[in-house]
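I opened the notebook to look up charged side-chain pairs. My plan was to take them one by one.

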Amino acid sequence: MFKPSKFRNAVFKLGDPIQIQQPGDLVISCGDWIYYRHSQTIHCKQDLTSQQEWSISHNVQLMDTSNDRLVTADQASVSLWTETQPQVLFSAPGIESIACNPAVDVISLSLADTIQTFDLQTGQPVFTLAHPEKVENMSWKHDGQYQVTVSKDNRLRVFDIRSQDALQSTVCHTGIKPSRCQWLGASDTILTTGFSKTRDREVALWDLRQFDKPIKLQRLDTNVGVLEPLYDVDTNLVYICGRGDTSVKWLDAQTLEMSQMPFVHKSTFNAFTLVPKHKMDVIKCEISRLLLIPNNSNQILQLSNFVPRRQYLDFQSDLFPDTYCGFGMTVEEYRSGKNTLPLKKSLDPTVSSSATQSVNPSSVSANLPVAVNPPTADTHHHVESREETKEEKEQERKVSEKLAKLNLPKHSPYRHVLGQSHIKYDSMQGQSSNVNVDSHGFDCNAKYFAFFLQGSGGRVGIWPVDKTGRFPPRINCIMSPSDVNDFKLSPFDLNQLALVCEDGKLHIYEITSLDQDINEPKISINAHNGRITLVQYHPSVRDLVATTSAELGEPTVKLWNLKSKSVLTTIALKEKIVSMQLIGNRVILLDKSNVSIYSTDGKLIKSVLAHEGRGVRVLVCGQYIVTVGFSKGSQRELLLFSPTLEQLSQLSLDNAPSVLIPYYDPDTNLLVLSGKGESQMHFYELDQQFVHLNRHQFPQYPTQAVSFLPKKYCDVNKIEILRGFRLCPNHVETLSVVVPRLKTEFFQDDIYNPTLDTEKPSLEIDQFLKGEKPHFHFVDLDNGKPKLSEQVVVVKKQERPKIEKQVSESDQKQAVF
């Protein structure tokens, strides 16, 4: 098992934004200087007060943080920028990328088929390497020995620039879009980001000793932006973001374990970079800081990553090792074959500047801009004042620790939920991919699960839950004479299924036997004049069903009494409904842009604007209403409403095109999101906002749909809070969500409260029409084990061993006299 990372509880916090004159599309920082680009013009801000402006047409820029200077490259030249004027180092057509060596003052340029390395002191070429393919990105090992490149032919290559040798070569990412590479410090490990054949963004970890395949490969999402890895060598963390993304993810470079708390913004990002380590607020445990430029914004966002600690008075040496500060060798030493790591200095503010700032004189150029000196005088004054008021500081520390204990955040018991899936129903043939976009296309209960099948007319495959193994070549199904648009299994009658068709009919089928196809419905109703798109059972009233149709340009929603086969209410609408929910005596409707609440007698209660792009799903989540859709910029987003349709929160996710399907568990207050065609499942907790808890990565196969069983079918002994099924292209998996606990010998009564029995109606249809009060049925999930809340925790006080001091005869004599 891996040792838990000390950064696993780190949290992002936004600082004060930096105002800029015009929106930028590239940004980079050396700490004292911030450079950004707008309309092929470089703008500079020093200490956030003075501004300078340079005009240069360039495509790539890189900050040499060791010497506080900017290196830029366009298609024709490479320039070294000082405080006032650029110095052209090299001119040639076709420059694609640049990479500075962290150990020595040289820079590499990739041309059409060569990599040229230049001395930044003299501007003279040092090495020239013939490359077999056009280079997209390159990176140096931190001791300066090797260089890694990723090229247009999707190959990852490792070179020794000095000996002109190609040491390793392998195929990395197989997509058609560019890839990126990053050498992880001075180790033998390389991190790459790229695209798969199916256009999924992924990150991979490579070892020089086993270079034929990645030691770890993780799929991230389906966005279109090229992922740029920003590596922090001191913490071994990698921050990942792509142009056009709305979130910044970060992961452990050793294990590729993704943090469960990414930063999500409402706007897409045009540019992003890391601020050098010497600018961190180490006393407040700021381990990293990113600069982000949102799209069409006149601000640069400062995003800091903090590690929570009980007190912020002392320097946390375990979080801040010595960091790189200068070159470790000269160019002549490097050409002779020397390999040395860059110089390091301590970030401890109490350490004197003479002891920490060990700069190599040979690495300092005479024409560089003057950087702002670190506040050494203030630091000494700070140390003296702490010594003078030691007693006051000790008292303040005790008070801060008490306050920290009182104000500790209440962690959710579900923040570490784990998803588990197993293939139990394999070799499925004939599953239909032509599914109505508004339909879920998959449903289950304790006896069966249902899914669309290919074939003439409308076919819905039915399969018993207890029959695991391989599917037969032909699956018996319910056959409708017209194409089926949606179906639902009854929550109360496990053998009943409702489906709606293109011909405007509502059919109710009784599943009596699966030895042959079911052709005749039990109930058939001419519900609408046009195609019906959705059908929905009432979750607590028996024989109450809702259907919706565009009605040849006049959209309607109808409530049906299946007992009398008659319509109860007709709700006339202006827009086509894409999702609906029934709850109590209310009908929640979502069209392309608005979410509305109607009473079951057809009266409009309230309607508000939901998504500026388009809405796709609506779900009643306890005391909240959640809608899923797309923003005006085609970003997937979640909206949280109160019962009176007051918007409480908005969460922008990403730019993936797939539709997110929500599921809500009222016992745990968890919202589960799974996307069609994706391999991830996200868990959120609802508390006036969306609190992201965890995510589950399914292995290999994309999700077609997910459906969950009632809570009473969960395995309490395994601390299972959700159980269901996942539909994949060629099989069906059992799905389980568990809460990791150490003391499994107890009944976890803090998790398992009496749950609503959703298989028993609270009202019959006649009682509902009379206005009677519902009578809900609950199930106690107690498994007979001792309850966790009733266990007395006994803390054994460990007595310190007594050490008997041996007293010499001379000491005894002194004690007597």
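Are Lys277 and Asp232 buried or exposed? I found Lys277 buried, and Asp232 is buried too. Buried means under 20% relative accessible area, exposed means over 50%, and partly exposed is in between (1.4 Å probe, protein chains only).

I noted the basis next. This is a predicted model, where local features need pLDDT of at least 70, side-chain atom pairs count only at pLDDT 80 or more, and totals for chains, interfaces and linings use all residues. Residues are numbered from 1 along each chain as its sequence is written, and side-chain values use heavy atoms, with hydrogens and water left out.

I then looked up the contact itself. Lys277 and Asp232 form a salt bridge at 2.6 Å, N to O (a side-chain nitrogen of Lys or Arg within 4 Å of a carboxyl oxygen of Asp or Glu). Lys277 sits in the loop between strand 27 (269-274) and strand 28 (286-294), and Asp232 in strand 23 (residues 227-232), 45 residues apart. Strands (E, at least two residues) and helices (H or I, at least four) are DSSP runs, numbered from the N terminus.

Next entry: Lys563 bridges to Asp766, with the closest N and O atoms 2.8 Å apart. Lys563 is in the loop between strand 44 (556-561) and strand 45 (566-572), and Asp766 is in helix 5 (residues 765-770), so the pair ties together parts 203 residues apart in sequence. Lys563 counts as exposed because its relative accessibility is 55%. Asp766, at 34%, counts as partly exposed.

I also looked for a network. Salt bridges link Arg201, Asp221, Asp245 and Lys249. The count of salt bridges comes to 28.
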